[in-house]
Amino acid sequence: MPVAVPELGTFNYVPETKEQLDWADLPTIDLSHLGTPEGKRQQADILIAALREKGFFYVKNFGISQERVDRQFALGKRFYELPLEEKLKYVPQGLDEGQFNGYVPVGRRTIDQEGKIKDQIEIYNIPKFNGDFRHNHPPVVTEKLEEIEEFARDLHIEVLDPLFVLLATALELPEDYFTKLHQYPVKSEDHLRYMRYSKYPPEINAKLRNWSYGHTDLGSFTLLFRQPVAGLQIRYPSTNEWKWVKPQDATLTVNACDALQFLTGGYVKSTVHRVTVPPKDQQHVDRLGLLYFSRPHNDIRLSTIKDSPVLQREGYTENGFEKTGNAVPTMEEWTFAKQKWQRTKAGSHQKDHATALILPGFREQMYA
């Protein structure tokens, strides 16, 4: 007999920190200004400057209500309230080989320099809805799949497609250049993520520099919904300074990822970021995140775009694979090569892992 799934109820956000932190000064893309050529051009200029100088930016007026966002946070909270033995039923086979959809439990990495403290990060990934998503979810998720699918599709329509149009405009490409590489019905490794960083006791936090090491994401754009527990930090590409990312009301925080760096020959930077120990007035709570990871179609080869007048003028005509004469991977090849590295049980600071060769022509790097 099926187990009844209770209503989600409301989701209560914790208060923001009162500590004075060194916040990043990030630009904001306003999607309500895309109705005119002038507005579109203005926002495209803001976007490309953000991608070149900061790598992170905010997006506002993106057409998805706060009520719908709150329901997704409530769903993530409900998933993490399940007993551990229930969550462990949804660990993907082949996790150590790069499979990532489903549940990833805590404790796969050590996060201190001595290799004694394990991570407290839990992940639940729900793949894009292209035919094979309905298997092997817990009832709390399967009962809400229609709502989750609608939410994920609307992220493409209301957020990602406009951003890809702006990026194409900035690179003097046809407006649909990037949207054609990111069509929702076409097979890719996009996924929605509920992510929880469980709190540590004060004596453990005192020994830690960060809760996760500095890294880059492997896709196109990562969408991060407002999370009041401060912890996210970015490293400015221009100065290598670490800055805190402030949660802004009614916005998404967005960062550029590896695939865009490859496709633009390094003109767009894949931004280094990490989650550090929260301020003391927020260390008593768990940090729940809601994210969406966008990636090109699996069969897209990550060669530098040759059609962009901007990239040609600026001299960004080869990425790292092309410069070294190595084979350029497809998005699928790149995804599973990097995911295998990310999911390997290892100490974050072990040299052979921190600088591992992902594919010929690309060596990974971790950042303290």
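Trainee: Which residue is the bridge partner of Ile234 in β12?
Mentor: His273 is the bridge partner of Ile234 there. Keep in mind that this is a predicted model.

Trainee: OK. In what sense do β9 and β12 pair, and over how many bridges?
Mentor: They pair in the antiparallel sense, over three bridges. β9 covers residues 232-235 and β12 covers residues 273-276.

Trainee: And β9 with β10, over how many bridges?
Mentor: Three bridges, and the sense is antiparallel. Look at Arg235: its bridge partner in β10 is Trp242.

Trainee: What do β9 and β10 form?
Mentor: A hairpin, with six residues between the two strands. Find Asn240 in the turn; its phi is positive, about 65°.

Trainee: Zooming out, what is the strand order in the open sheet?
Mentor: The order is β7-β12-β9-β10. Four strands make up that sheet, with antiparallel pairing.

Trainee: Which ones are the edge strands?
Mentor: β7 (210-215) and β10 (242-244). Each of those pairs on one side only.

Trainee: What does the twist average from one strand to the next?
Mentor: It averages 25°.

Trainee: Which domain does UniProt put at residues 194-295?
Mentor: The unreviewed UniProt entry annotates "Isopenicillin N synthase-like Fe(2+) 2OG dioxygenase" there. In this model, that span is 10% helix and 38% strand. Its end C-alpha atoms lie 18 Å apart.

Trainee: Switching to helices. At what angle do the axes of α2 and α5 cross?
Mentor: Roughly 125°, and the axes come within 11 Å. α2 is residues 66-80, and α5 is residues 145-170.

Trainee: Left-handed or right-handed crossing, α2 past α5?
Mentor: Left-handed.

Trainee: Which residues make the contact?
Mentor: From α2, Arg68, Val69, Arg71, Gln72 and Leu75. From α5, Glu147, Ile148, Glu150, Phe151 and Asp154.

Trainee: How do the residues of that contact divide into nonpolar, polar and charged?
Mentor: Five are charged, four are nonpolar and one is polar.

Methods
Residues numbered from 1 in each chain as written. Predicted model: local features only at pLDDT ≥ 70, side-chain atom pairs only at ≥ 80, totals over all residues. Heavy atoms only, no water. Axes fitted to C-alpha atoms, helices over the stretch in contact; angles between N-to-C directions. Left-handed = near helix turned anticlockwise from the far one by under 90°. Contact = heavy atoms within 4.5 Å. Nonpolar A, V, L, I, M, F, W, Y, C, P; charged D, E, K, R; others polar. UniProt positions renumbered as here; feature names shortened; annotations may be inferred. Pairing = 2+ DSSP bridges.
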